Amino acid sequence: MSLGPLGIVLAYLLLALGVGLLAYRVGGNDAEDFYLASRTLGTLVLLFTTFATLLSAFTFFGGPNLAYAAGPEWILVMGVMDGVLFALLWYVIGYRQWLIGRAREYVTLGEMLGDRFASPALRGLVAGVSLLWLFPYVMLQQMGAGEAIRGLTAGAVPYWGGAALITVFMIVYVMLAGLRGVAWTDTLQGLFMLSVLWIAVVWIVGDLGGVGAATRGMVAANPDFAALGGGLYSPQFIISSAVTIAFGVTMFPQINQRFFVAKSATVLKRSFALWPVLVLLLFVPAFMLGAWAAGLPIEVPEGANVLSVLLAEYTPGWFAALVVAGAMAAMMSSSDSMLLSGSSYFTRDLYRPFVSPEASDRREAWIARVGVAIFATLAFVASLSRPGTLIQVGDTAFSGFALLAPPVIVALYWEATTRDGMLVGVGVPQALYLAHVLVPSTPVEVGGTTVALLARSYAGWDVALAFMLLGGALTVGVSLVSSQAVDEDATAFAVGGD
């Protein structure tokens, strides 16, 4: 490929920008409209903005590469287990949050928890933890964009150029559009990406002689791909990943805030009921293309994206450019929402309570727009160092967010939860997990057996699972022994704000 197909991507970006400008003209200038589209989203838009927000570089580029290396069993992890698990968590956490947010007009998770426990420290802690793990995931989208455009143009546009293009577009787009524009373009992006992905499956499978022939070639090349756990990863790792990803997704700022924006309870319930269907419609074609590629006579250079190689081999250049445009749509629909949510966490939970409590809604909205530019620029600079693969970066962020879920569930359903219980339940697991992420694993001898201290997994199980259990236990335990009284406000919060 050359610079020609890049025009398709640029045309798509301009179309999305046009939708954003339209949203800017019809939306309001206050903070609630900028962050939450004035809580007016219907079923179709809510479902697709949540769906498209998760169609990130981790899914679109990391996913097929993972299936290429480890087999199609990852459809069970990402498509079935996480599709169903997240739908359940959407009800358990999301519906309760929607009830409370509707009654008290909350915008962020930190604002909700800080108000419940009358604790600016808890509000700031939740916001700080969320921004900490959001940063590498925004960076992941920029890394994916850089790799995608470099592959699309056969190196004519370097990695940094692709990452810079998506960064500049995101800044301009989010500053103009707010959540209303993001939600509208998410719907467009989700439909577009699903369409081109399924067309790619039909096209490539047709060239290969059908699904049966493609599958037989995959099994002949790697018989382990026919058995669960027969790839590169153990069942323990697969289950750990499914759990941490599902719980982590519910705490992602850009997803968690969507629990506040439904127009009605009916809209919210329809959306999480349809969620598993949409997830399967995405992950089955994306992961099967990666798995089938393992049995094809193609060369995938180290660090390259298998989907790009597959498309270049079996489809015309213009169609490959369309699919990459779909991938760019996936990354944009994640990145714009991340930047918007990150700015709301910064302005709502850090700037307003600690810097300028008397700031007007209009001023807060403009501070949020400046925050978008700063956050995106810092993430772009960090992405140039290529700190790991897309899978590694995404997995670290998922686990960090997953640790927030147990204390939040306890707070939503147990009226005796206390401020101290929440501070300890959130802070201690995060500190321990950060130590495991930042400090190299150290092998020591214990009773003649070598044990790795501060490893990311033990006996195949992700260490984040243990820290999730610890967070829930600490929240309950410290709440039981602390002396903080539970007032009527907290009781109303715990039962759903009704």
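Which residues of α1 are buried? Before I answer, a word on what we are looking at: this is a predicted model, in which local features need pLDDT of at least 70 and side-chain atom pairs count only at pLDDT 80 or more, while totals for chains, interfaces and linings use all residues. Residues are numbered from 1 along each chain as its sequence is written, and side-chain values use heavy atoms, with hydrogens and water left out.

The buried residues of α1 are L6, V9, Y12, L13, A16, L17, V19, G20 and A23, where buried means under 20% relative accessible area and exposed over 50%, with partly exposed in between (1.4 Å probe, protein chains only). Seen down the axis of α1, these residues fall within an arc of 160°, so they line one face of the helix; the arc is that of the directions from the helix axis to the C-beta atoms. The face turned away from that buried side carries the exposed residues L14, R25 and V26.

Turning to the whole protein chain, its secondary structure comes to 20 helices and four strands, where helices (H or I, at least four residues) and strands (E, at least two) are DSSP runs, numbered from the N terminus. Of its 498 residues, 57% count as buried.

The largest nonpolar core has 149 residues, and those with the most contacts inside it are L113, W275 and M328; such a core is a set of buried Ala, Val, Leu, Ile, Met, Phe, Trp, Tyr and Cys residues joined through side-chain atoms within 4.5 Å. Helix α8 (residues 159-208) gives the largest share of this core, 19 residues. Leaving aside residues up to four places away in sequence, W275 touches L47, T50, F51, L54, D82, G83, F86, A87 and W90, a contact being heavy atoms within 4.5 Å.
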